[in-house]
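Here is a friendly tour of a two-chain model, with a few stops along the way. Have a look at it first, and then we can walk through the details together.

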Amino acid sequence: MKNSPIAIVDYGVGNLLSVQRAFHYLNIDAFLTDDPNLIKRAGKVVIPGVGAFPGAMKFLNQSGISDEVKSLAEKNSPILGICLGMQMLFERSEEYEVTEGLGIIKGSVESMRRSIPASTGIKIPQIGWHPLRREEVINPKDSLILKEFDFNGEVYFVHSYMSRPVEASVIKSYYSLGGVEVPAIVELGNTIGCQFHPEKSGPVGLKILKQFSAL
Amino acid sequence: MVKIGAFVMRFGKMLKPRLVARLDIKGENLIKGIQLEGLRVLGNPADFALTYYEQGFDELILMDAVASLYGRNNLLELISSISKNIFIPITVGGGIRNVDDIRNALRAGADKVAINTGAILNPDLIKAASEIFGSQSIVLSVEAKKSQSGKWEAYTHNGREPSGLDVLEWVKTGVELGAGEILVTSVDREGTRKGFDVELISELNNHIEVPIIASGGMGGIQHLLDIINIGKADAVAMADYIHYNRGNINEIKKSLAKAGINARH
């Protein structure tokens, strides 16, 4: 349902308010919850990017939210994973210890150091603003979330792990780092992953949230 | 003078340095001091924060300058209110002593916490916090003062109390424990307008591989160029330079562009 209130997963840990505040700033109704029933009722969920993979997945599993999110994915309901939230859409991650993810998108999450060694001079965690270049968007017409996007602007990344999707077609945009193409936006139907923080990328990022609310 | 050709060759696809507005706060006021002493009241922090966001700064750092007096961070209300209409990363510091303090700060709307005294008193806090909240949320804040030996000593309590710790060793420990970023304030240079401690940042870059935010000493654009090109700071925090309106972000970005350094649009 377009423009219905959006559920934001409340981990009880980290900065969750920014995502909600960003939606409110855009006059979009969004609420924090750890109740899978409320997520089901909302039919539209944002998984914010806080903490670390093992702890976050443990929370999702124990609260029943994992099952609900997987169920929403099967119904092709809109799901937006931000940063760690995007990583959890995948099958597994090696952050701290190998942990199973939601498995909605095939592929795994690995340390960025595997492909970008320290000898490149590039620091991890990668903290910084990067543009999503138009020519780096694999098929803009294909992307639900990048309509209306301002390709002259930059978005804010802060991460030490990156996703490695099995199917290249899910990658809608990447950014270049040390010669490596780091997935920035992945989409599988209405399941969307955003490696950067749209709620921390100024007006450019807010457009992503606006676009998500319209799905 | 900076030679543009040489720097483009040497740094190639250099990543964009982050330009950070630093606000030191006492109670309800934005303050500014010289060498972390002698304070002047400048006005409402929320107004300054919003202005800097709208002007195009990349991040904000909010430091509670009197937290050590009360033993806790008092900025929760401020963070809460400014995060309603400011959508860039916010780091908060001052008086962060335990996991609950961090939880509360992040819950109020901060993205990262900067920890100085709390980490020196209890280094395990960094380890515990990075495991719960993620390394990227934990910034090790260091106040560095050059000692007679030529090395730098870490200070606490706004540059007043020597800790006995060597900065380079301490920062290395902090990163091993899980700090995702280092905020380095030069006690010697802070508020002097004489330039950053380029040597310090450069040395730190030889010791650790996480991003470094340099703070303290900006008097003019050349200082900024030096700390980026020579010190290789990943981010630069400005306070005095912007609060007194002696420079603004647009001029700064133009000057960087002229020197071949790209900042965020």
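## An open sheet in chain A

In chain A of this predicted model, four strands make an open sheet of mixed pairing, ordered S6-S5-S7-S10; strands are DSSP E runs of at least two residues, and helices are H or I runs of at least four, both numbered from the N terminus. Two strands pair if DSSP finds at least two bridges between them. Strand S6 (99-100) and strand S10 (161-165) of chain A are the edges: each has a single partner strand, so one side of each has no neighbour in the sheet.

Strand S5 (residues 92-93) of chain A runs parallel to strand S7 (residues 107-111) of chain A, joined by two bridges. Here A:Arg92 sits opposite A:Ser108 of S7(A).

## Strand S12 of chain B

Which way do the side chains of strand S12 (residues 235-238) of chain B point? B:Ala235 and B:Ala237 point one way and B:Val236 and B:Met238 the other, and all are buried, meaning under 20% relative accessible area with a 1.4 Å probe, protein chains only. In a regular strand, side chains alternate between the two faces of the sheet.

S12(B) runs parallel to strand S1 (residues 18-26) of chain B, with four bridges, and B:Arg18 has B:Ala235 as its bridge partner. Strand S11 (residues 212-215) of chain B also pairs with S12(B) in the parallel sense, over three bridges; there B:Ile213 stands opposite B:Ala235.

## Helix H8 of chain B

Helix H8 (residues 167-177) of chain B has B:Val167, B:Leu168, B:Trp170, B:Val171, B:Gly174 and B:Leu177 as its buried residues. B:Asp166 caps the N-terminal end of H8(B), with a side-chain oxygen 3.3 Å from the backbone nitrogen of B:Leu168. Just after H8(B), B:Gly178 has a positive phi of about 130°.

## Where the chains meet

The contact (heavy atoms within 4.5 Å) involves 39 residues from chain B and 36 residues from chain A. B:Phe87, B:Arg107 and B:Gln136 supply 25% of the area that chain B buries against chain A, more than any other three residues; buried area is the accessible area (1.4 Å probe) lost on putting two parts together, summed over both.

There are four salt bridges between chain B and chain A, each a side-chain nitrogen of Lys or Arg within 4 Å of a carboxyl oxygen of Asp or Glu. One of them links B:Lys16 and A:Glu154, whose closest N and O atoms are 2.3 Å apart.

## Reading notes

Residues are numbered from 1 along each chain as its sequence is written, and chains are lettered from A and ligands numbered from 1 in the order written. Local features need pLDDT of at least 70 and side-chain atom pairs count only at pLDDT 80 or more, while totals for chains, interfaces and linings use all residues; side-chain values use heavy atoms, leaving out hydrogens and water.

Technical notes: Buried < 20%, exposed > 50% of the residue type's maximum accessible area, 1.4 Å probe, protein only. Polar contact = N/O pair within 3.5 Å; in protein donor to acceptor, adjacent residues only side chain to side chain.
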